[in-house]
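Trainee: I am new to this structure. Please take one part of it, look at it closely, and then lead me on from there.

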Amino acid sequence: MQMHNAKRVEITIEAPMERRLTEALEHADVKGYTILPIVGGSGRSGKWSREGQIGRAGGMVQVVCIIRPERLEALLEAAFTVVERHIGVVCVTDCEVLRAERF
Amino acid sequence: MQMHNAKRVEITIEAPMERRLTEALEHADVKGYTILPIVGGSGRSGKWSREGQIGRAGGMVQVVCIIRPERLEALLEAAFTVVERHIGVVCVTDCEVLRAERF
Amino acid sequence: MQMHNAKRVEITIEAPMERRLTEALEHADVKGYTILPIVGGSGRSGKWSREGQIGRAGGMVQVVCIIRPERLEALLEAAFTVVERHIGVVCVTDCEVLRAERF
Amino acid sequence: MDGILALAADNLISPIILSFALGLFAALARSDLSVPEAAAKALSIYLLFAIGFKGGASVADHGIDTTLALSLAAGFVLSATLPFLAFFLLKILTKLDTINAAAVAGHYGSISIVTFVAGTSVLQDAGITSEGYMVAVAAVMEAPAILSALWLVSRGKGGAAMDSQLMREILLNGSIVLLVGSFFIGVITGAEGLARIESFIVAPFQGVLCLFLLDMGLVAGNGLRKSRKVLNLGALAFGILMPLCGAVIGLGAGLAIGLSLGGVVLMMILAASASYIAVPAAMRVALPEADPAVYLTLSLGVTFPFNLTIGIPIYLALATAVMGAM
Amino acid sequence: MDGILALAADNLISPIILSFALGLFAALARSDLSVPEAAAKALSIYLLFAIGFKGGASVADHGIDTTLALSLAAGFVLSATLPFLAFFLLKILTKLDTINAAAVAGHYGSISIVTFVAGTSVLQDAGITSEGYMVAVAAVMEAPAILSALWLVSRGKGGAAMDSQLMREILLNGSIVLLVGSFFIGVITGAEGLARIESFIVAPFQGVLCLFLLDMGLVAGNGLRKSRKVLNLGALAFGILMPLCGAVIGLGAGLAIGLSLGGVVLMMILAASASYIAVPAAMRVALPEADPAVYLTLSLGVTFPFNLTIGIPIYLALATAVMGAM
Amino acid sequence: MDGILALAADNLISPIILSFALGLFAALARSDLSVPEAAAKALSIYLLFAIGFKGGASVADHGIDTTLALSLAAGFVLSATLPFLAFFLLKILTKLDTINAAAVAGHYGSISIVTFVAGTSVLQDAGITSEGYMVAVAAVMEAPAILSALWLVSRGKGGAAMDSQLMREILLNGSIVLLVGSFFIGVITGAEGLARIESFIVAPFQGVLCLFLLDMGLVAGNGLRKSRKVLNLGALAFGILMPLCGAVIGLGAGLAIGLSLGGVVLMMILAASASYIAVPAAMRVALPEADPAVYLTLSLGVTFPFNLTIGIPIYLALATAVMGAM
Ligand SMILES: Nc1ncnc2c1ncn2[C@@H]1O[C@H](COP(=O)(O)O)[C@@H](O)[C@H]1O
Ligand SMILES: Nc1ncnc2c1ncn2[C@@H]1O[C@H](COP(=O)(O)O)[C@@H](O)[C@H]1O
Ligand SMILES: Nc1ncnc2c1ncn2[C@@H]1O[C@H](COP(=O)(O)O)[C@@H](O)[C@H]1O
Ligand code: NA
Ligand code: NA
Ligand code: NA
């Protein structure tokens, strides 16, 4: 099948920042993204797990965007302004997609 | 450690189609897959979030298959027949696995 | 933006082994990881889904670590001692990250 | 006339309706208030179980009267034929293409169990009894409309796929199985069974319904906020006209088969209400080209609140007037 | 004999059992009915809290009698030794290898708290009181069987790993902590505490149990559907014979320590029931080579429904007969 | 003095406090006991809905007295000014930098609704009535403290970003909307509405509160276990001194505006309690550099249990003494 090169960007970010991140992505004209829940994790700011939380304050989510390679830079800049001061990880992988017209 | 090349296929699809997709994968002799929940997303058909849903109609899931490179084509064809008319994204990444005998 | 090469390791493992795996990772000096829930899957030991479970016995989770390439081997060895006798999949992808000082 | 206004006003300031309004407000104001998906699903399991069980126990108590079979048949026929009326109205009132019109039509043949439950609450507050098996009629009406909708599409072009797997999924849909199953549990265990679980399924019922309607309000509000574009005047008119037409046809059916006042009102409510659980899921599989925003906005954003607030009192007043005049 | 049949029939048509049957049917018919994981877990927290608290409050009310320590000791010994009997029966009746047989055996030494709860419901309906501390006996019986199972394996080959972390996980298992903890809360706050939360943990209890058993039916049915191959005749025979043997041994223990009729029946139920929460989780860690399909199918798909439907009335009839004859 | 000890002892052995203790123990012992996130959220929705509704219904019943507006104003002022006191105490007692001290200070101006609920339970047990609108005062006190905290930071360096989106998020925070919304539903539907959902929101309330506090104990325990390093002597002293100061100031405010004994105690509790839901979420957005371990440990790990166990009885005794002497 005909596949097309793309980039898969995975941004791990605190739940209270989710709306700000997706709004920044929309402003940067990112056409689509998918949000995955996270049940726990560990990093420089320590260990946490979803069941040890009251409210959304401490939880995190993962936002995954698949995007054409030439649009990556714009996306990263948009994401970075949101992620910058906050804890969070941005990870980019090469991938291939079916139906390139969608991205 | 000895690693083996493989492909990681990530299919984002509407929840009501999940069973059809996994059955198609099984028919295409795909040995294993993992299903991740999605809490929200955005695409050409708009924005949605899991908590704004009644019933499963609008939710989506992500089906991840790790597969030997030579079996990729068969998997994609099987998946495509299911995904074709439906909203959904198929994304393929190169990866390496331990214990290749399992795939 | 300045990106840095890294490895993304995705370990799918049974929920009762989660604590053992993350402790092994911490001993191997892995700086961070993220745990994603899984709602179902299929493999050599059959098909399962989260809603068909009582207790955590049968569920699985996915542990994702992003790590510098030179530290991969140590991580895999640590993970392997835990995963070895248990069902589970280890999948490694090349990726790029922002802010390399974090990994 | 005074009576109906008082009833409508009374209905509007019940905790149930106000909870719905609160949810609606919170969503439209973009508050982050939300009911977790698992909790919403648990609430709906509770409601289906309770309503099915109580219906069954009431059948066990009052006995099966001769109109039971007729009511079931009437429900089946209503569900299968109302989509044609809806399709016709949509073609007149809106510019929807065949696929979207058929998808919407399917929703209006099927039913909304929460509207049904809200109706039983209103009847209960008014001291009006009804046939316990109306719950079974509700279950019967869930699915036939889907087939009619697909037939409407396949007649046009050959796009609608009704395979046997989809058929099974529709008929063994979780909410149908739970409703029918708990109805039979109620029939079998009867008054004695009811006594044992009464303080779980009767006493707290209205309170649980408040929380469920809070969530429904949130979902409806989020839907409306995202799909305002869908709501042109024609669509709005359909969303209010169709339940009224359905209710009148339901009234005729109820009278024809000789239901009690309560039964007639419930039959009207079933005919007037539109699905937002079973049918959307089936449509995603069978008619993926249809736009969910259209059918969900109409069913959940327009017709559901209309029935909940003004529709039910109107139907009750209408049935009371007509049956009083007979 | 008439009595036992009437009792069994009565038990079979209780809302609780019928809810289980509904779940079983829905799963076998491949309906998409499902209880969200979080809701199922919340229900089990409610049940454990309620049963523990009520047991404790009853101890606070009736006082600790001299058989308390004996009962706890008996529970410990039963849990630790029943796996040997189970292992022996499995070796005779089935072709399971040592690891799988040991894993299954561990499940049958431990207990099923839902079976226990169903038993207390049956006793309550029959107006039979029982010792409140039987809840504590249940907690004591959860874990020892796991050690016996691992010993059975390590005796064969050196595969079973019982490290201190696993030990702590087993003993501080959530359900044990909650059961024992709420038992002590009940003991401390007594009748006064019970009065304050009675309308939460007593009145709606049977109704909540219905929903929980609906979910258990779904899980058991899904398990059975996926692992029919496991169920050869030998395995089936074991799944029914073992609880009967366990019950008889439990009867002996209960009589020996001088429990009341209700207490004896609960002791029989504990001995007869098999774990499907604590033990499977421990087995995944300690004996990953054992096939979960085998032990879950037997415990949840065969023995649990057997006890729930026919087992409990048999045990009650047996205990009544034996204790009446004394 | 005897009275206060008896009251404190009585409070300590209530099922509510013991459930909290059980959760705390389970977490510190590293048990895997956990309440699913969705269930915990559902419980908190229930509590907010019930407490808001009951407050509103009580206002509908007793009428609005002249002190309502004064109480709301007092709540607003307390919430906005207590952070300055807290900041001052933190600078004296601990070595926290400005950002962390400001973040903590914000938490102590705001309130803990569960502490408030536990207070109403204690009052109810003691047969003391209170103004229904204290619930509205609680809602008013949630947010102003956040602004004061951000002002404390921006005064120092220009780091704190309070944009209009954050402002809207804070004011339309789910718990504020639900509390205020259900308060109005209670006001509108009054005693009649309460009668309809009483067996859902009144009877089982204390039992639900037990499960919620079990979860709070688990969360507090997990927090304490992970951030023991945060708890030096200065921080501990602040976590106990600050609620006492807050309570005394609340006492003054309550007396000044002429609340009843119950109202004064609730005002003290509001002033004494610290937020762990709304404020932390706002801080993650506006002050990401502040360490959550610091403010959560203090608020949830120190002040919350202090208020729950000893604080509330002290406040009640103090108010009784002072108001008795007047
Ligand atoms: N190396 C990593 N790999 C995967 N996830 C990470 C990594 N580092 C941090 N995270 C995730 O990001 C969260 C915050 O990280 P930190 O800012 O380092 O505390 C953690 O709780 C993890 O969920
Ligand atoms: N570029 C993308 N990257 C990641 N996920 C996407 C992307 N486009 C669509 N999706 C996901 O697929 C769903 C349906 O997309 P669509 O068919 O474009 O409406 C969205 O709600 C997202 O969850
Ligand atoms: N090829 C695969 N791709 C993705 N996930 C897999 C694959 N094989 C196994 N898994 C996951 O690992 C679990 C256990 O696999 P197994 O040990 O083969 O039974 C399955 O239930 C899946 O969730
Ligand atoms: Na209808
Ligand atoms: Na046993
Ligand atoms: Na305060």
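Mentor: Start in chain B, where strand 3 (residues 40–43) and strand 4 (residues 46–49) run antiparallel and are joined by four bridges. Strands pair if DSSP finds at least two bridges between them. Strands (E, at least two residues) and helices (H or I, at least four) are DSSP runs, numbered from the N terminus. The link from strand 3 to strand 4 of chain B is a hairpin of two residues. Within the pair, B:Gly41 has B:Trp48 of strand 4 opposite it.

This is a predicted model, in which local features need pLDDT of at least 70, side-chain atom pairs count only at pLDDT 80 or more, and totals for chains, interfaces and linings use all residues. Residues are numbered from 1 along each chain as its sequence is written, chains are lettered from A and ligands numbered from 1 in the order in which they are written, and side-chain values use heavy atoms, with hydrogens and water left out.

Next, chain B and its copy.

Ligand 3 lies between chains B and C. It has 17 residues around it, and those that come nearest are B:Thr34, B:Ile66, B:Arg102, C:Arg44 and C:Ser45; a residue counts as near if one of its heavy atoms lies within 4 Å. Polar contacts are pairs of N or O atoms within 3.5 Å; within protein, one must be able to donate a hydrogen and the other to accept it, and residues adjacent in sequence count only if both atoms are side-chain atoms. B:Thr34 places a polar side-chain atom 2.8 Å from a nitrogen atom of ligand 3. From B:Ile66, a backbone N or O atom lies 2.8 Å from a nitrogen atom of ligand 3. On the chain C side, a backbone N or O atom of C:Arg44 is 2.7 Å from an oxygen atom of ligand 3.

Ligand 1 lies between chains A and C. Among its 17 surrounding residues, the closest are A:Arg44, A:Ser45, C:Thr34, C:Ile66 and C:Arg102. A backbone N or O atom of A:Arg44 is 2.7 Å from an oxygen atom of ligand 1.

Lastly, chain F holds a metal site. The sodium ion (ligand 6) is coordinated at 2.4 to 2.8 Å by the O atoms of F:Tyr108, F:Ser110, F:Leu270, F:Ala271 and F:Ser273. Donors are N, O and S atoms within 2.8 Å of the metal (3.2 Å for Na, K and Ca), and water is not among the atoms, so sites may look incomplete. The donor residues of this ion are spaced Y-x1-S-x159-L-A-x1-S in sequence. F:Ser110, in the loop between helix 5 (98–109) and helix 6 (113–125) of chain F, and F:Ala271, in helix 13 (residues 261–272), link distant parts of the chain, 161 residues apart. F:Ser110 is buried at 0% relative accessibility, and F:Ala271 is buried at 2%; buried means under 20% relative accessible area, exposed over 50%, partly exposed in between (1.4 Å probe, protein chains only).
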